[in-house]
Amino acid sequence: ETIYSAAATDSYYSLKDYNLTLPTRNQSTSGLCWAFATLASVEGSMLKSGLHTYSNPIRMSPRQMDYATTIASNITEGVNPYANSYRTHLYTSGAYTSTPYTVLDAGVSPVVEDGTLWSWNSSTVKRSLSETINTDNVDYYVTGYARYGSVTASSSRTGTDSWVKKIKQHILDYGEIAVGTIGPNSTYGGACVYTDSSGNVLINKMGTCNSSAGDANSGHSMVIIGWNDNYSYTYCRGTSSTSSNTSGCSDIVTGKGAWILKNSWGNSTAYPYLAYTSQIDYTYGITSVESKNWNINYDKTKVRSFSQPASKTYEVTYKKDSSTQTLKKITWKTDYASDTFAVYVKDGNGSYKTIKTGITRNSAGLYSVSVSGVNISSNNFTIKVVTNGGSVEDINAFASYTTASSSIALNTVVP
């Protein structure tokens, strides 16, 4: 993969100009900006890959994502085995941009909003875990995302420039990216939000913002949908506010280049700017969404064992829960920013067979490989992922029931 292309060097680009991002939604007072941002990235990836269209869109449910990422108090069956977030209040509870990705890693995908059970603004009644996470009712699965990290006060200019190029290339290849920043108004932004003479709102977080909402309560997730290298700004940064009047100002901020964001406040500050050099918390972008073509999920809720028999080698063995099955997909998570992977499978105590080698990636995140013509007939099967340097977690498999007449032996090697 390369982070450079002719289009990525353009000074301006917006998915909105090509109907490659859906219209803004309104989270109201829900506190679910993180879920809206994540699902906007899912929907955007689906637009890029042709799974739906701007004129006939598929909307995913932030409310279901809210329940799916919560362990305690809000599901009637007790503990959610997929999540690691101990948030205890739904609907009005904020969370980090990274929160939904803990369940995507575990093999849980969002559901299509149906306007009733998973309407985003439905009440905060408790739901059962089987109701919240029902793999039989999932139409689409997230099988890949990239994590591009954060920009901090200590980030070098070279590192930031490289990060900017990666984000631009992702937007061109896969669509919008969820980003953790601050709310784009004076209440949340304080000295880190500026409104120019044309009414454009710029987020430029540099250290303490002294917002009236309190800096600890000012976090907000949105999506990056484009960029404008030529957007320039000059303003006076005060203690808790900004001004276009720079006369006598002791802290004049000037710069050039900004991301175009899409907000989830309806028509209010719908498309603010985010300075390239602004501090941000997280950036996550969906790279792959697929129509579901399997009916069995092998994940952390199944009987399994995980081991690391050798350096850079990770294995998970699953107990098969029915008759002969056909493997369809294997996914895994890595926190290593640049790596190469090889994936193998063995049926029972047999020998490992190659699924795919030379899988190269340039970001941390969730990755997957399609499997064709591989059937499992033993009581268990093992997946092995070998890396070039990083670690691997959450190795999941997806399979379908098959019949003896359509069975293909595991010794088939998939290119």
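Isoleucine 171 touches residues from several stretches of the chain. Leaving aside its neighbours within four places in sequence, isoleucine 171 is in contact with Tyr13, Leu15, Lys48, Ile177, Ile224, Ile225, Gly226, Trp227 and Trp259. The model is predicted. Ile171 and Trp259 have the most contacts inside the largest nonpolar core, which has 69 residues. In soluble globular proteins, nonpolar side chains tend to be buried together.

**The chain as a whole**

The chain has six helices and 20 strands. Of its 415 residues, 53% are buried. How many of the contacts between residues at least 6 apart in sequence join residues at least 24 apart? The share is 76%.

**Two cavities**

How many cavities of 30 Å³ or more does a search of the whole structure find? There are two. The largest cavity holds about 100 Å³ of space. Its lining has 15 residues. Phe36, Ala40, Lys262, Asn263 and Ser264 lie nearest its centre. Two elements, H1 and strand S6 (219–237), each give two or more residues to this lining. H1 gives the most, with five residues.

The second largest cavity holds about 30 Å³ of space. Its lining is made up of Leu104, Gly107, Val108, Ser109, Tyr141, Val142, Thr331, Leu366 and Phe398.

What classes of residue line each cavity? In the largest cavity, the lining divides into seven nonpolar, four polar and four charged residues. In the second largest cavity, the lining has six nonpolar and three polar residues, but no charged residues.

**Aromatic rings**

The count comes to 22 aromatic pairs. Two of them are set out below.

| Aromatic pair | Centre to centre | Angle between planes | Class |
|---|---|---|---|
| Tyrosine 188 and tryptophan 265 | 6.1 Å | 45 degrees | tilted |
| Tyrosine 282 and tyrosine 284 | 6.2 Å | 35 degrees | tilted |

The pair of tyrosine 188 and tryptophan 265 links distant parts of the chain. Tyrosine 188 is in helix H6 (residues 186–189). Tryptophan 265 is in the loop between S8 and S9. The two residues are 77 residues apart. Are these two partners buried or partly exposed? Tyrosine 188 counts as partly exposed, because its relative accessibility is 29%. Tryptophan 265 is buried, because its relative accessible area is 16%. The cut-off for buried is under 20%.

Now take the other pair. Tyrosine 282 has 27% relative accessibility, so tyrosine 282 counts as partly exposed. Tyrosine 284 has 6% relative accessibility, so tyrosine 284 counts as buried.

Some rings gather into a group. Which residues form one aromatic cluster? They are Tyr194, Tyr231, Tyr233, Tyr235 and Tyr273.

**A cysteine and its contacts**

Cysteine 249 is found in the loop between strand S7 (242–243) and S8. Is cysteine 249 buried or exposed? Cysteine 249 counts as buried, because its relative accessibility is 17%. Not counting residues up to four places away in sequence, cysteine 249 touches Cys236 and Arg237. Cysteine 249 and cysteine 236 are 13 residues apart along the chain. Their C-alpha atoms are separated by 5.9 Å.

**Two residues with positive phi**

Most residues other than glycine have a negative phi. Serine 28 has a positive value, near 55 degrees. Where is serine 28 found? It is in the loop between strand S1 (12–14) and helix H1 (33–49). Serine 28 counts as partly exposed, because its relative accessibility is 43%.

Threonine 269 also has a positive phi, near 45 degrees. Its place is in the loop between strand S8 (252–262) and strand S9 (273–275). With 24% relative accessibility, threonine 269 counts as partly exposed.

Definitions and conventions
Residues numbered from 1 in each chain as written. Predicted model: local features only at pLDDT ≥ 70, side-chain atom pairs only at ≥ 80, totals over all residues. Heavy atoms only, no water. Helix = DSSP H or I, 4+ residues; strand = E, 2+ residues; numbered from the N terminus. Buried < 20%, exposed > 50% of the residue type's maximum accessible area, 1.4 Å probe, protein only. 1 Å grid on protein atoms, 1.4 Å probe; cavity = no way out; pocket = protein on both sides within 12 Å on 5 of 7 lines; lining within 4 Å. Points joined across faces, edges and corners; volume = space filled by probe spheres on them. Nonpolar A, V, L, I, M, F, W, Y, C, P; charged D, E, K, R; others polar. Core = buried A, V, L, I, M, F, W, Y, C linked by side-chain atoms within 4.5 Å. Contact = heavy atoms within 4.5 Å. Phe/Tyr/Trp six-rings, centres within 6.5 Å; stacked < 30°, edge-to-face > 60°.
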